[in-house]
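Please read them with the structure open beside you.

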Amino acid sequence: MPAVIQAENLTRYFGSLKAVDGLTFAVEAGEVFGMLGPNGAGKTTTVRLINGLLAPSSGTIRALGLDPLAQGDRVRAQTGVLTETPSLYERLSARDNLLLFGKLYHVPKDKLAARVDAMLAELGLSERANDKAGGYSKGMKQRLAIARALLHEPQILFLDEPTAGLDPEAARHVTELIEQLSTERGRTVMLCTHNLTEAQRLCDRVAVMNQGRALALGTPAQLAHELWRSIWVDIELRTPPPDALFTNLRGVAGVKEVKLDKLTLAVQVDAEDAIPHTVAQVAALGGQIMRVNPRQHSLEEIYFELQKQNR
Ligand SMILES: Nc1ncnc2c1ncn2[C@@H]1O[C@H](COP(=O)(O)OP(=O)(O)OP(=O)(O)O)[C@@H](O)[C@H]1O
Ligand SMILES: [Mg+2]
């Protein structure tokens, strides 16, 4: 997979404050890449650097192989950005806002009107399409800004807190829309969010940031393994296991700990590849297995563990 975004030692100061501190990462085509981290961690600054809205203090950044500062127009023609505080033309209707941005982004004339209507419908704004954007509620403005970011069918989408301020139904709809853009249309999405459930659902990989640095970067499973170096597997049994099973199981390669709670045997193994032979041993030792469940660490657990270690 080719990298569509590539940062090498990316650093940005504001005065003496290091907002982004030596970030190195690559985002591959078609993936949903999440940037997580507390307020002021440097997420938005990173997005602005990638889009050529800010110059790096040092390090390099490439988007679609281009330099976003020198070739900003070419980058922005292929990227859609939902900023933290989207600015819309308040005195224009939602439809006219989109028509105007469509022209700016060179959406073909013969396709523009239909695409604007489709986006308005997609974001649930058709009925209010002719109302002035200035009279929109916060969530409606957010939806209009999302429609604007998607209008020119960009290859890469930058979504800074896309569901902030949306009602639960609209938030779910936007989450599904992002999922669909990624899986069905192969778009690359960079998502900044404080909503860890949303991130868990959408992101292939995440960077967990703090004070401009990436504390960790990878798939949630990779991060969990780096943090805990083990996996707990719950093995539900039909009948109480024979006593010998415990002592024997503790001697199996890769097994670190064994516990029994009622009919559930909890086995801690040091890696995923220890699970099959551990389960086979449980069966061989007389365990009547009904179900095997490796415990997944949630992104929320991972996030808090990383932030805790960083304190
Ligand atoms: N234009 C600016 N001028 C001065 N300082 C800035 C500017 N933009 C960002 N900063 C500082 O850089 C740091 C990172 O800010 P940034 O907006 O990237 O954080 P963030 O991770 O997006 O946070 P949030 O979750 O609150 O959106 C903060 O300390 C912020 O005050
Ligand atoms: Mg931000």
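1. Ligand 1 has a shell made of Phe-14, Leu-17, Ala-19, Gly-37, Asn-39, Gly-40, Ala-41, Gly-42, Lys-43, Thr-44, Thr-45 and Glu-84; a residue counts as near the ligand if its C-beta atom, placed from the backbone, lies within 6 Å of it. The model is a predicted one, in which local features need pLDDT of at least 70 and side-chain atom pairs count only at pLDDT 80 or more, while totals for chains, interfaces and linings use all residues. Residues are numbered from 1 along each chain as its sequence is written, and chains are lettered from A and ligands numbered from 1 in the order in which they are written.

2. Strand E2 (17-28) and helix H1 (43-50) each give at least two residues to the shell around ligand 1. H1 supplies the most, 3 residues. Helices (H or I, at least four residues) and strands (E, at least two) are DSSP runs, numbered from the N terminus. By type, the shell has 4 nonpolar, 6 polar and 2 charged residues. Here Ala, Val, Leu, Ile, Met, Phe, Trp, Tyr, Cys and Pro count as nonpolar, Asp, Glu, Lys and Arg as charged, and the others, Gly among them, as polar.

3. The protein chain holds 11 helices and 13 strands. Its C-alpha atoms fill a box of roughly 75 × 45 × 35 Å along the principal axes. Of the 311 residues, 37% are buried (20 or more other C-beta atoms within 10 Å of the residue's own; exposed means 12 or fewer, partly exposed in between; C-beta atoms are placed from the backbone).

4. Which residues touch the most other members of the largest nonpolar core? They are Ala-147, Met-190, Leu-191 and Val-208, in a core of 67 residues. Such a core is a set of buried Ala, Val, Leu, Ile, Met, Phe, Trp, Tyr and Cys residues joined through C-beta atoms within 7 Å. Helix H5 (residues 138-150) provides the largest share of this core, 7 residues. Apart from it lies another core of 12 residues, including Ile-235, Leu-249, Leu-265 and Val-282.

5. H5 is mostly covered, with 11 of its 13 residues buried. Among the buried ones are Met-140, Lys-141, Arg-143 and Ala-147. The buried residues of H5 pack against E5, helix H3 (94-104), helix H4 (109-122), strand E6 (156-160) and helix H6 (168-183). Leaving out residues up to four places away in sequence, Ala-147 touches Leu-98, Met-119, Leu-120, Leu-123 and Leu-125; contact means C-beta atoms, placed from the backbone, within 7 Å.

6. Helix H11 (residues 299-310) has Leu-299, Ile-302, Tyr-303 and Leu-306 buried. These lie on the same side of H11 because they cover an arc of only 100° around the axis, the arc being that of the directions from the helix axis to the C-beta atoms. Glu-300, Phe-304 and Lys-308, on the other side of H11, are exposed. The cover over the buried residues of H11 includes strand E3 (32-36), helix H7 (196-202), strand E8 (205-210), strand E9 (213-218) and helix H8 (220-228).

7. Gln-78 sits in the loop between helix H2 (72-77) and strand E5 (79-82). Is Gln-78 buried or partly exposed? Gln-78 is partly exposed, because 15 other C-beta atoms lie within 10 Å. Not counting residues up to four places away in sequence, Gln-78 touches Leu-64, Pro-154, Gln-155 and Ile-156.

Key. Two residues are in contact if their C-beta atoms, placed from the backbone, lie within 7 Å.
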